[in-house]
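Have the structure open while you read.

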2 protein chains.
Amino acid sequence: MSDKRALLLNSALELFYQKGTGTVGINEIIAHSGVAKKTLYHHFGSKEDLILAALSLRDQRYLQWLNEKLADAQSNADLIKQLFNALNDWFNDRATELGQFRGCFFINTAGESATLDPQIMNRCASHKVAVRRLITNSLPQPNDRLADALCLLKEGATTSAFVQGDKQAALRCIDIALALDTQAPFSL
Amino acid sequence: MSDKRALLLNSALELFYQKGTGTVGINEIIAHSGVAKKTLYHHFGSKEDLILAALSLRDQRYLQWLNEKLADAQSNADLIKQLFNALNDWFNDRATELGQFRGCFFINTAGESATLDPQIMNRCASHKVAVRRLITNSLPQPNDRLADALCLLKEGATTSAFVQGDKQAALRCIDIALALDTQAPFSL
DNA sequence: ACTATAGTAGACAAACCTGTCTACCCATGT
DNA sequence: ACATGGGTAGACAGGTTTGTCTACTATAGT
């Protein structure tokens with residue numbers, strides 16, 4: 001609502017994603033957004049609240065971005081190419097909506113949050129569920145097992161691109177996924 | 001060397017893996033291992049040194065565990081089953097050597113370390129390279145593209161098992177990987 | 001016998017964290 | 001005319017963090 005709130009949330013997401021939620025403090029966020037500390041605590045009850053809001057914002061942006069990339073696929077092979085070409089753009093910093101690539105915000109945040117924080121884990125898990133649903137529903141010829149394989153490859157490519165700096169991972173997924181698609185739907 | 005050093009390192013790895021390197025402090029580690037703070041700083045120059053040592057220990061243990069699981073595969077199909085059954089055991093806490101499952105220590109640690117810490121990033125990356133090499137060399141019929149697909153699926157399954165609690169991910173990888181294998185080596 | 005090494009317990013410095021609070025400003029609606 | 005609510009700047013409390021340091025003990029090598 002208020003535009004200070006939006007300012008704070010944007011700064012928080014950017015900093016949390018680039019440096020990790022544990023590393024970034026409240027003071028850094030208010031300095032980055034040029035807003036008073038009291039204003040932050042007026043809009044968000046605690047740092048954890050702010051993290052949850054940042055996760056939601058990222059979830060929303062990521063889904064919107066991916067949804068656009070997957071629109072109007074004519075065949076499953078099309079969708080495979082669109083999906084992994086989009087990821088390839090992301091890994092190589094050609095998806096400005098998503099910021100400079102630093103792996104998956106949800107995986108990073110889940111790893112950081114002591115497993116004790118169920119709210120954060122929960123939001124990370126439901127993001128993954130939402131992405132899976134989007135991919136599943138975007139296949140012109142429904143095929144749950146292919147959708148499953150695409151999700152697993154997508155996670156693998158994202159972490160490989162980040163941890164090993166393997167920025168070509170998404171491109172190699174195209175061949176793998178096409179092989180699974182061309183093949184008869186594989187145990188039906 | 002000294003057995004206090006080993007004690008400290010074991011405690012550090014356990015706590016870092018279960019709660020994240022940022023969350024766990026020096027004081028918690030010495031309390032857990034029952035060792036004086038000065039002793040810790042006698043063996044390790046800083047917390048970062050300790051993190052690096054914990055990463056190395058984990059790397060060594062993980063490779064040894066996986067190496068045992070992949071030994072004596074008679075065919076690529078065999079290896080696929082051995083790999084993902086081993087991962088399945090890990091995800092479902094039947095691999096005691098690896099401790100209670102909480103995702104991949106290297107992915108979690110890389111996400112936490114501000115990208116600014118190149119030593120930590122480096123050690124995480126080289127662990128992944130070592131695992132890839134092990135998998136590649138364990139295939140009875142060498143096939144780099146299959147090895148690549150196995151690595152991507154393995155990463156995807158590990159993060160799905162952790163973030164979404166999808167503990168069956170490894171089992172589903174078996175069918176996917178076998179489909180890739182049965183198929184003619186897919187663009188040779 | 002002496003000296004270096006590994007060890008204990010814990011106080012301490014210096015920094016940094018979250019969250020609260022005071023004191024003040026400036027719109028806007030009634 | 002005035003109260004209310006969003007806003008600023010920054011001090012402050014209370015806690016936690018890493019790393020150092022003192023003072024003391026025990027063991028092992030030369």
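1. First, a convention: two residues are in contact if their C-beta atoms, placed from the backbone, lie within 7 Å. With that, and skipping neighbours within four places in sequence, A:Gly156 is in contact with B:Leu152, B:Leu153, B:Glu155 and B:Gly156.

2. Some housekeeping. This is a predicted model, where local features need pLDDT of at least 70 and side-chain atom pairs count only at pLDDT 80 or more, while totals for chains, interfaces and linings use all residues. Residues are numbered from 1 along each chain as its sequence is written, and chains are lettered from A and ligands numbered from 1 in the order in which they are written.

3. How are the two chains related? A rotation of 180° with 0.0 Å of shift along its axis puts chain A on chain B at an RMSD of 0.0 Å, so the copies are related as by a two-fold rotation axis.

4. Of chain A's residues, A:Gly156 comes closest to the rotation axis, with its C-alpha at 2.0 Å. A:Gly156 counts as buried because it has 28 C-beta neighbours inside 10 Å (the cut-off is 20 or more other C-beta atoms within 10 Å, C-beta atoms being placed from the backbone).

5. The chain–chain contact takes 41 residues from chain A and 41 residues from chain B. On chain A's side, α6 (105-112), α7 (118-138), α8 (144-163) and α9 (169-182) each supply at least two residues, and α8(A) gives the most, with 11. The copies meet through the same surface, because 100% of the interface residues of chain A are also interface residues in chain B.

6. Now the DNA. 17 residues surround DNA strand D, the closest being A:Lys4, A:Ala36, A:Thr39, B:Gly25 and B:Lys47; "near" requires a C-beta atom, placed from the backbone, within 6 Å of the strand. Both chains take part: α3 (37-43) of chain A, plus α2 (26-33) and α3 (37-43) of chain B, each supply at least two residues. The largest share, five residues, comes from α3(A).

7. For comparison with the record, an unreviewed UniProt entry lists residues 25-44 of chain A as "DNA-binding region"; such annotations may be inferred rather than shown by experiment. In the model, residues 25-44 of chain A are 75% helix and 0% strand, with the end C-alpha atoms 14 Å apart.

Conventions: Helix = DSSP H or I, 4+ residues; strand = E, 2+ residues; numbered from the N terminus. Least-squares fit on C-alpha atoms with pLDDT ≥ 70 in both. Buried ≥ 20, exposed ≤ 12 C-beta atoms within 10 Å, placed from the backbone.
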